[in-house]
Amino acid sequence: MRTIDKRIDPHIKLAAVLVKRAPTLTLAFDARCKSRLAATLDNGEEVALLLPRGTVLRDGDILVAQDGGLVRVMAAAEDVLYVRAPDRLTLTRAAYHLGNRHTPVEVGDDYLKLEFDPVLADMLKRLGAIVDQVSMPFQPETGAYGGGHKHGHDETFAEDYAIAQQVFDEHHGHGHSHDHDPDHGHSHAHGHPHEHKHDHAHDHDDCDPSCGHTHHHHAHR
């Protein structure tokens, strides 16, 4: 069994003929979050993925096996909710409420895409969004969590997140001064109100935090 242990930097352009000849590995999003995985290439060959922790594979990524052979990653079609809206405000509100539930979301210019969930589908419809259950590849945002490389609009997303995180750290991060007004009214010992809940039970097959599945949205209802 061949071992695949490297991903080529997406900014490195490979000869089209090499990419075309490379066998493919089709994986759903959950599997693309795992850095340790026994998988089967589309040609039937069994392989072992031993990638750096935190790796999140994307459609089109090129992997390298220990024997030097290339493998091209393909995002599998899976059961998802395809969300559109009659106006930008409604779509923005939908994105906000999904983010509030730590739900992995693929963000497009005029759509949102997330794993199928009937409860979230109902919530989105009540917000005024148009929701369809379809079978499509799913590539949620990962750049902001440090697990994925930058891809198209992800670059802007990651930069925006970095700015927001810097401000957050200055006010609530570790090691900051606690010279707050004594009448401030609450303790900063826990930072963000959700942070102290996220430091346990995360050893799920080396899944990148961006997978988001440990923060199940039903707990927020």
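Colleague: Which residue in β6 does L63 stand opposite?

Modeller: This is a predicted model, so bear that in mind throughout. Strand β5 covers residues 62–65 and strand β6 covers residues 70–75, and three bridges join the two, which run antiparallel. Across from L63, on the β6 side, you'll find V71.

Colleague: Okay, and which strands sit at the edges of the six-strand open sheet?

Modeller: The order there is β2-β6-β5-β1-β4-β3, with mixed pairing. An edge strand of this sheet pairs on one side only, and the two that do so are β2 (24–27) and β3 (36–40).

Colleague: What about the four-strand sheet: which strands have one side left without a neighbour?

Modeller: That open sheet goes β8-β9-β7-β10, and its pairing is antiparallel. Two of its strands stand at the edges with a single partner strand each, so one side of each has no neighbour in the sheet: β8 and β10.

Colleague: Which residue in β9 stands opposite V107?

Modeller: β8 and β9 run antiparallel and are joined by two bridges. In that pairing, the residue facing V107 is L112.

Colleague: And what angle does the direction of α3 make with that of β9?

Modeller: α3 packs on this sheet, where it touches β7 and β9. Its direction makes an angle with that of β9 of about 30°.

Colleague: Which strands does α4 lie across?

Modeller: α4 runs at about 135° to β10. The strands it lies across are β7, β9 and β10.

Colleague: How far apart are the axes of α3 and α4?

Modeller: In general, two packed helices are described by an angle between axes and a distance between axes. Here α3 (residues 88–100) and α4 (residues 118–126) pack at an angle of about 145°, and α3 passes α4 in a right-handed crossing. A94, H97 and L98 of α3 make the contact with L120, M123 and L124 of α4. As for the distance between the axes, that's 10 Å.

Colleague: Now for the rings: how many aromatic pairs are there, by the rule used here?

Modeller: Ring centres have to lie within 6.5 Å to count as a pair. By this rule, the count comes to two.

Colleague: Is the pair of F29 and F138 stacked or edge-to-face?

Modeller: The centres are 5.4 Å apart, with 75° between the planes. Planes over 60 degrees apart fall in one particular class, so this pair counts as edge-to-face.

Colleague: How many residues apart in sequence are the parts that F29 and F138 tie together?

Modeller: F29 lies in helix α2 (residues 29–32), while F138 is in the loop between β10 (130–137) and α5 (154–172). F29 is buried at a relative accessible area of 1%, and F138 is buried as well, at 0%. The parts this pair ties together have a sequence separation of 109 residues.

Colleague: Why does the pair of Y82 and Y111 count as stacked?

Modeller: The ring centres lie 5.1 Å apart. Planes under 30 degrees apart count as stacked, so what settles it for Y82 and Y111 is their plane angle of 20°.

Colleague: Where does Y111 lie?

Modeller: Its partner Y82 is in strand β7 (residues 77–84), so the pair ties together parts that are 29 residues apart in sequence. Y111 is buried, with a relative accessible area of 18%. Its place is the loop between β8 (106–107) and β9 (112–115).

Colleague: With which side chain does the side chain of E106 make a polar contact?

Modeller: E106 is found in strand β8 and counts as buried at 9% relative accessibility. Leaving aside neighbours within four places in sequence, its contacts include L112, K113, P137 and F138. The polar contact, at 2.8 Å, is with the side chain of Y111.

Colleague: Last one: does F116 count as buried, partly exposed or exposed?

Modeller: F116 is found in the loop between β9 and α4. Leaving aside neighbours within four places in sequence, F116 is in contact with D79, V80, L81 and Q133. Buried needs under 20% and exposed needs over 50%, so at 34% relative accessibility F116 counts as partly exposed.

Key. Residues numbered from 1 in each chain as written. Predicted model: local features only at pLDDT ≥ 70, side-chain atom pairs only at ≥ 80, totals over all residues. Heavy atoms only, no water. Phe/Tyr/Trp six-rings, centres within 6.5 Å; stacked < 30°, edge-to-face > 60°. Buried < 20%, exposed > 50% of the residue type's maximum accessible area, 1.4 Å probe, protein only. Pairing = 2+ DSSP bridges. Polar contact = N/O pair within 3.5 Å; in protein donor to acceptor, adjacent residues only side chain to side chain. Contact = heavy atoms within 4.5 Å. Axes fitted to C-alpha atoms, helices over the stretch in contact; angles between N-to-C directions. Left-handed = near helix turned anticlockwise from the far one by under 90°.
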